[in-house]
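I opened my notebook to look up a few things in one structure. My notes follow in the order I made them.

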Amino acid sequence: MQSVFIYVAVFLALIYSLTAVRQTNGWRLLRDWAIANGLSLLLLPLLSVYPFTGNQSRLLLFCFAAYIVMMGGIFAIFLAVSRSAGHQQLRAFAGMYYRSPYLAAATTVLLLSLAGLPITAGFLGKWFVVAHLISSQKIGVVSVILISSVILLYSGFRVIQQMYARSGGVKEKRISGDDYGASASAAEKINNNQTEGIKSNYASSQNAEQYDETIKIRPAEKIIVCLAVAVTLLLGIFPNLLL
């Protein structure tokens, strides 16, 4: 029965990793990341190391700490970015490096940890789980975990690509309020498709204006992000602090 739960957990982790690839809404993407990593870093260790010994209890503590700091930091970042942009779409991250470089760097570290890349707590957490599963000869489960991690890396890279890409193409679409008013008046005399196109361009220009501003992050969010990045790197480099 324990093996059945393990296979169900790893299958759900793969499903939510795949779902994350298609998301354009930031909060839905965060939900998929939280569930996929929760299954990989929390539920799988609980199922695979039961019954617990002293060393295995420390492993569970490490995985729990890695999950909490990663998701807490990413949540605080998404909260600040969506509030600053006025919407929850991933395009809110466009050009983030040129507006808030330190926040972009922190986001990159946490996303790489989320995908399980080296020198991060997320990497070691998944490594310990994979090593235990290999010793238990659950090679199929290990393969799915690795595939899920690659998919999470791809979905995280989409956000990273947005952050480090210049938004010059968006800025070129700006029109002034007067131009919009004149265009809207002219559009009333033609078909609805043209009207919708003008409104779409105006909305893009409004977003471009927002993207020029530095992301305003509240003191509590800044503390959470700084602690999350510090703990993620610290546990990734010195795992013996908890093991």
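**Salt bridges**

I began with arginine 31, which is partly exposed because its relative accessible area is 40%. I use buried for under 20% relative accessible area, exposed for over 50%, and partly exposed for in between, with a 1.4 Å probe and protein chains only. The model is predicted: local features need pLDDT of at least 70, side-chain atom pairs count only at pLDDT 80 or more, and totals for chains, interfaces and linings use all residues. Residues are numbered from 1 along each chain as its sequence is written, and side-chain values use heavy atoms, with hydrogens and water left out.

Which residue does arginine 31 pair with in a salt bridge? I found aspartate 32, with the closest N and O atoms 3.1 Å apart. A salt bridge here is a side-chain nitrogen of Lys or Arg within 4 Å of a carboxyl oxygen of Asp or Glu. Aspartate 32 counts as buried because its relative accessibility is 0%.

I searched the whole structure and got two salt bridges. Glutamate 221 and arginine 83 also meet in one, at 2.9 Å from N to O. Glutamate 221 is in helix H11 and arginine 83 is in helix H3, so this pair ties together parts 138 residues apart in sequence. At 6% relative accessibility, glutamate 221 is buried. Arginine 83, at 30%, is partly exposed.

**The chain**

Next I listed the elements. I found 11 helices and zero strands. Helices (H or I, at least four residues) and strands (E, at least two) are DSSP runs, numbered from the N terminus. The chain has 243 residues, and buried ones make up 44% of them.

**Cavity and pocket**

How many cavities of 30 Å³ or more does the whole structure have? My search gave one. On a 1 Å grid over the protein atoms alone, a cavity is a set of points where a 1.4 Å probe fits but cannot get out; a pocket is an open set with protein on both sides within 12 Å along at least five of seven lines; lining residues have an atom within 4 Å of a point.

The largest cavity has a volume of about 50 Å³. Its lining includes Trp27, Phe78, His87 and Phe93. Helix H2 (26–48) and helix H3 (54–85) each supply at least two lining residues. H3 gives the largest share, three residues.

Then I turned to the largest pocket, which holds about 210 Å³ of space. It is lined by 13 residues, and the closest to its centre are Tyr102, Leu103, Ile217, Lys222 and Cys226. Helix H5 (101–115) and helix H11 (219–237) are the elements that give two or more residues to this lining.

**Surface and a last pair**

I looked for a nonpolar surface patch. Val4, Val8, Phe11, Leu12, Ile15 and Leu18 make one of about 500 Å². Isoleucine 15 lies in helix H1 (residues 2–21). Its relative accessibility is 35%, so isoleucine 15 counts as partly exposed.

Last, I checked leucine 146 in helix H7 (residues 139–164). Leucine 146 is partly exposed, because its relative accessibility is 48%. The C-alpha atoms of leucine 146 and valine 130 are separated by 8.7 Å, and the two are 16 residues apart along the chain.

Notes. Patch = residues over 30% accessible without salt bridge, like charges linked within 9 Å, V, L, I, M, F, W, Y side chains within 5 Å. Areas by Shrake-Rupley, 256 points an atom, 1.4 Å probe, with all protein chains shown as cover. Points joined across faces, edges and corners; volume = space filled by probe spheres on them.
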